[in-house]
Amino acid sequence: MSPLICFYKDQWIWSEKYKRIEKPIGVDSFEFLKDIEKDYFKKIKIIQADFDAFEKSKTEKIKYYQSPGLQVYVIEEYKAFTPDAINTNYDFPVFELLTTKNKFKDQVKNLIDDINQGRFYQVNLTAAFKSKIKSEQTSLELFKNYFTSFKPTYPALLPGSSFDILSFSPELFLKKQNDVLMSRPIKGTSATGFEALIKNPKEAAELSMIVDLIRNDLNSVATTPAVVTAHRKKLELPYTTHTYSEVQVTTGETLPLILKQTMPGGSISGCPKIESLKAIAEHENYQRQFYTGTIGWWEQNDFELNIAIRSFVRSEDSLFYFAGCGIVSESDPEAEWNELLNKASKLKLNHTK
Amino acid sequence: MKTTPNTHKPRLNALIIDHDDSFTQNLKSWLEQKFAVQVVNAESFKENQVSADLVVLSAGPKSPQDYSQSLNWLKKNPQHPTLGICMGMQLMTLAEGGTVTPYSPVLHGKTSILEFVISDFPQFPVARYHSLECQVTPIFLTKAKSQDDNITMWVEHQTKPWLGWQFHPESFLTDDQGFLISYLETWLESKK
């Protein structure tokens, strides 16, 4: 079987012996996960849920590939995965951004108008990048070669029947160990380093709003109130600097209900969430599918799940990458455009229009 | 499941009328320090449901004019003890013929020091999430304003048991050391 790679506890695992189970069409995501929980309780499972896996009404937009919305890999055997040393001669694919600078900046301006009229406080706006790809260029070799560029904390390579997902996420969506459930939302980005970031009141507000939103979502499954255990900490990546915070609760609930209550994640939707999701559907012309959904491991009642950002999907002869920014009232359209490109700066990019 | 504290005094009940906000579970958790709390969405809210000691009108997206059901409830139930938070206070303002106008620059996820105008309370930072501001009629006492931009932050109705807070007591950015929940409890007691 095509190799699967995923973060698991303190290591990265490689498996060629697993069973892939897709959520059947028409089956509710919560019910599907309840069945998986019952049937494979003690197994290590890698799960992948789309951005809109728990939304009841779906908007019909461009789909770059066919997604079941939710899939689970039941792991039978695995070994440790160690990334290779960088191959300096690797022929990386060249991407086109599927929007223009003017269009993106106009969308940012429209969203700022909505914010100033009180419609929401923050919304996450994203765009897609596309590359043609040679059939002999395997997903595994792409994954290995991008691995060093992104230095991910929560990587995954998930082979599918008609598509493969390559995630290089730096962001922890949810982690549950015993009764403690935590989230580490990332907000605040600076290509010029941590000093510029930490002093910027716009970047502070952008993260604070999401911390309150994550507190809210975790409180909906909590037995003790949400506590902010870290705020505005530095996350240094090879291509950018972020700030993140950490929120914790205790809970007696298990993964199916926790995901139902908290998806999609606050940092990649917006706040208030319902209204932000409507705005995302209005502005983005494509369906995010796996992008900004979640990927991670699940074993008995413990799990660790990323936010599927800094991620690619390969379908037949195309490779897609996605990036986005949090828009708030103080956003500058030009700066948000630069942030979008910064988050794609590890890609070979054709000149943007 | 939450355990009920073993006290002789029965817990007071609070009903949150939720205006599609994303901080409602934080508000619920904050109120649970003193109250047994139920949440009902503004859309599905029926007036005959209210047996709670305190009604809490939540914050929420858009503007108070978008929630006519909550506005009508205030007008029809003027003697029910009610706390209005952010949009909740804006609804109270409209119900008494005041105005709610756009405020620039909008403040989302920011803090201001609360400065009391008529009480000798301690100063502390409160969280703000608003793009509208209230001009209340004189039937409301303005108890506190924001220190930096002098916006009405805390109002109390002179004849009706209505308390309005423009700031968000449930936010992690509000650092009041437990003052607000104790104040709410005392205020509610005084309205019985």
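1. Of the 192 residues in chain B, 57% are buried. The model is a predicted one, and every value below is computed from it.

2. Chain B contains four helices and nine strands. Their order along the sequence is β-α-β-β-α-β-α-β-β-β-β-β-α. Its radius of gyration is 16 Å, close to the 16 Å that the globule rule gives for 192 residues, so chain B is as compact as a globular protein of that length.

3. Along the principal axes, the C-alpha atoms of chain B fill a box of roughly 45 × 35 × 30 Å. The accessible surface of the chain is about 8300 Å², and carbon and sulfur atoms account for 48% of that. Among contacts in chain B between residues at least 6 apart in sequence, 65% link residues at least 24 apart.

4. How far apart are the end C-alpha atoms of helix 4 (residues 179-190) of chain B? They are 17 Å apart; at 1.5 Å a residue, the 12 residues should span 16 Å, which agrees. Several residues of this helix are buried, among them Phe179(B), Tyr183(B) and Trp187(B).

5. The largest nonpolar core has 120 residues, and those with the most contacts inside it include Leu33(A), Leu174(A), Leu259(A) and Phe312(A). Helix 5 (residues 201-219) of chain A gives the largest share of this core, eight residues. A second, separate core has 34 residues, including Ile16(B), Leu31(B), Val56(B) and Tyr183(B).

6. Beyond its neighbours within four places in sequence, Leu259(A) is in contact with Leu33(A), Ile47(A), Phe54(A), Phe173(A), Leu174(A) and Leu305(A).

Definitions and conventions. Residues numbered from 1 in each chain as written. Chains lettered and ligands numbered in written order. Predicted model: local features only at pLDDT ≥ 70, side-chain atom pairs only at ≥ 80, totals over all residues. Heavy atoms only, no water. Core = buried A, V, L, I, M, F, W, Y, C linked by side-chain atoms within 4.5 Å. Buried < 20%, exposed > 50% of the residue type's maximum accessible area, 1.4 Å probe, protein only. Helix = DSSP H or I, 4+ residues; strand = E, 2+ residues; numbered from the N terminus. Contact = heavy atoms within 4.5 Å. Expected span 1.5 Å × (residues − 1). Rg over C-alpha atoms; globule rule 2.2 N^0.38 Å. Areas by Shrake-Rupley, 256 points an atom, 1.4 Å probe, with all protein chains shown as cover.
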